[in-house]
Amino acid sequence: MLTKDSILSAKDFDTQVVHVPEWGGDVTLRGLSSMDRDNFEADLAENQDLRNLRARLVVKAIVDEDGNRIFADSDAEALGAKNSSVIIRLFEEVRKMSGMSDEELQEAQGN
């Protein structure tokens with residue numbers, strides 16, 4: 001039987017190394033925590049602001065080799081200025097890793 005400690009200490013985040021030739025190397029993506037996903041969706045529902053949506057999600061998921069985020073939420077604007085095809089590829093991977101379907105994303109947007 002699982003205990004509180006065993007559940008909370010489980011390393012349950014999926015990570016994936018994605019080659020980004022446009023940037024000259026690889027990035028590591030980590031699926032969102034439940035809290036990060038809920039906050040992202042709540043922000044969408046509350047503000048209905050779709051500007052830079054993809055980069056705002058991707059900054060939450062790019063991590064270093066220790067699993068620590070390398071971007072702050074405030075870096076989304078700078079990341080959003082990068083090649084859109086790269087950001088879209090990373091966005092789609094993060095969505096899959098975080099269990100976010102098209103329907104759920106649209107629901108969070110209020111559509």
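This is a predicted model: local features need pLDDT of at least 70, side-chain atom pairs count only at pLDDT 80 or more; totals for chains, interfaces and linings use all residues.
**Sheet, covering helix and nonpolar core**

Strand β2, which spans residues 25-30, is joined to β3 by 2 bridges, and the two strands run antiparallel. The sheet as a whole is open and is formed by 3 strands in the order β1-β2-β3, with antiparallel pairing. Because β1 (15-20) and β3 (62-63) stand at the edges and each has a single partner strand, one side of each is left without a neighbour in the sheet.

Helix α5, comprising residues 84-97, lies across β1, β2 and β3, and runs at about 165° to β1. Glu93 is found in this helix, and its contacts, leaving aside neighbours within four places in sequence, are with Gln16 and Leu29. Glu93 counts as buried because its relative accessibility is 19%, the limit for that class being under 20%.

The largest nonpolar core contains 23 residues, of which Val27, Leu29, Leu57, Val58 and Leu90 touch the most other members. At least two residues of this core are supplied by each of β1, β2, α2 (34-47), α3 (53-58), α4 (76-80) and α5, and the largest share, 6 residues, comes from α5. The contacts of Val58, not counting residues up to four places away in sequence, are with Leu79, Ile87, Leu90 and Phe91. In soluble globular proteins, nonpolar side chains tend to be buried together.

Terms used
Residues are numbered from 1 along each chain as its sequence is written. Side-chain values use heavy atoms; hydrogens and water are left out. Two strands pair if DSSP finds at least two bridges between them. Helices (H or I, at least four residues) and strands (E, at least two) are DSSP runs, numbered from the N terminus. Contact means heavy atoms within 4.5 Å. Axes are lines fitted to C-alpha atoms, for helices over the stretch in contact, and angles run from 0 to 180 degrees between N-to-C directions. A nonpolar core is a set of buried Ala, Val, Leu, Ile, Met, Phe, Trp, Tyr and Cys residues joined through side-chain atoms within 4.5 Å. Buried means under 20% relative accessible area, exposed over 50%, partly exposed in between (1.4 Å probe, protein chains only).
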